Amino acid sequence: QGGGRAVAIVDPPRSGIHHKVVSALHANREIDRLVYVSCNVETLVDNAVRLCSGEKGFVPVGCLALDLFPGTVHVEAVVVFERKKE
């Protein structure tokens with residue numbers, strides 16, 4: 001089963017998404033695209049490694065940095081992932 005056309009959007013706190021959420025995203029085969037909005041690129045990298053791991057994981061296909069806070073060092077990063085092909 002699976003192979004749906006669902007898109008999940010996550011906008012976690014600065015600490016990133018919980019490992020149980022990563023497991024749930026891997027397990028839900030209806031999700032074929034994931035949009036990750038991050039205010040912390042360090043936790044984004046950690047989460048991306050976990051999201052891309054395993055055969056049920058995702059692959060990054062696009063990334064964009066948005067400067068929503070001019071005059072500061074903070075940016076929002078938006079990464080689009082697609083489900084790995086079986």
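How many helices and strands are there in the protein chain? In this predicted model, the protein chain holds 2 helices and 4 strands, and, read from the N terminus on, these elements follow one another in the order β-α-β-α-β-β. The C-alpha trace of the protein chain spans about 50 × 20 × 15 Å along its principal axes. The radius of gyration of the protein chain is 13 Å, which agrees with the value near 12 Å that a compact globule of 86 residues would have. Of the 86 residues in the protein chain, 34% are buried.

The strands are considered next. An open sheet is formed by 4 strands, arranged in the order S1-S2-S4-S3, and the pairing within this sheet is mixed. Its edge strands are S1, made of residues 6-10, and S3, made of residues 58-66, each of which pairs on one side only. On average, and with direction ignored, neighbouring strands of this sheet are turned by 15° against each other. In general, the strands of a sheet pair through backbone hydrogen bonds, in either a parallel or an antiparallel manner.

Taken in sheet order, the pairings can be described one by one. S1 and S2 pair in the parallel sense, over 5 bridges, and within this pairing Ala6 stands opposite Ile31 in S2. Strand S2, residues 31-38, runs antiparallel to strand S4, residues 76-83, and the two are joined by 6 bridges. Two positions illustrate this second pairing: Val37 stands opposite Val78 in S4, while Ser38 has Ala77 in S4 as its bridge partner. S3 and S4 also run antiparallel and are joined by 8 bridges; here Gly62 is found opposite Val80 in S4.

The helices can then be placed relative to these strands. Helix H1, which comprises residues 19-27, forms a right-handed β-α-β unit together with S1 and S2. Helix H2, which comprises residues 41-52, lies across S2, S3 and S4, and runs at about 165° to S2. As for strand S2 itself, 6 of its 8 residues are buried, so S2 is largely enclosed by the rest of the structure.

Is Ile31 buried or exposed? With a relative accessible area of 8%, Ile31 lies under the 20% limit and is therefore classed as buried. When residues up to four places away in sequence are not counted, Ile31 touches Ala6, Ala8, Leu25, Phe58 and Arg83. One of these residues, Ala8, is 23 residues apart from Ile31 along the chain, yet the C-alpha atoms of the two are separated by 6.5 Å.

The side chain of Asn40 reaches the backbone oxygen of Arg14 at 3.1 Å. Thr72, for its part, lies in the loop between S3 and S4. Because its relative accessibility is 40%, Thr72 counts as partly exposed, the class that covers values between the 20% and 50% limits. A polar atom of the side chain of Thr72 lies 2.7 Å from the backbone oxygen of Phe69, and a polar atom of the side chain of Thr72 lies 3.2 Å from the backbone nitrogen of His74.

How values were computed: Residues are numbered from 1 along each chain as its sequence is written. This is a predicted model: local features need pLDDT of at least 70, side-chain atom pairs count only at pLDDT 80 or more; totals for chains, interfaces and linings use all residues. Side-chain values use heavy atoms; hydrogens and water are left out. Two strands pair if DSSP finds at least two bridges between them. Axes are lines fitted to C-alpha atoms, for helices over the stretch in contact, and angles run from 0 to 180 degrees between N-to-C directions. Contact means heavy atoms within 4.5 Å. Buried means under 20% relative accessible area, exposed over 50%, partly exposed in between (1.4 Å probe, protein chains only). A crossover is right-handed if, with the strands pointing away from the viewer, the path from the first strand over the helix to the second runs clockwise. A polar contact is a pair of N or O atoms within 3.5 Å; within protein, one must be able to donate a hydrogen and the other to accept it, and residues adjacent in sequence count only if both atoms are side-chain atoms. The radius of gyration is taken over C-alpha atoms; the globule rule is 2.2 Å times the number of residues to the power 0.38.
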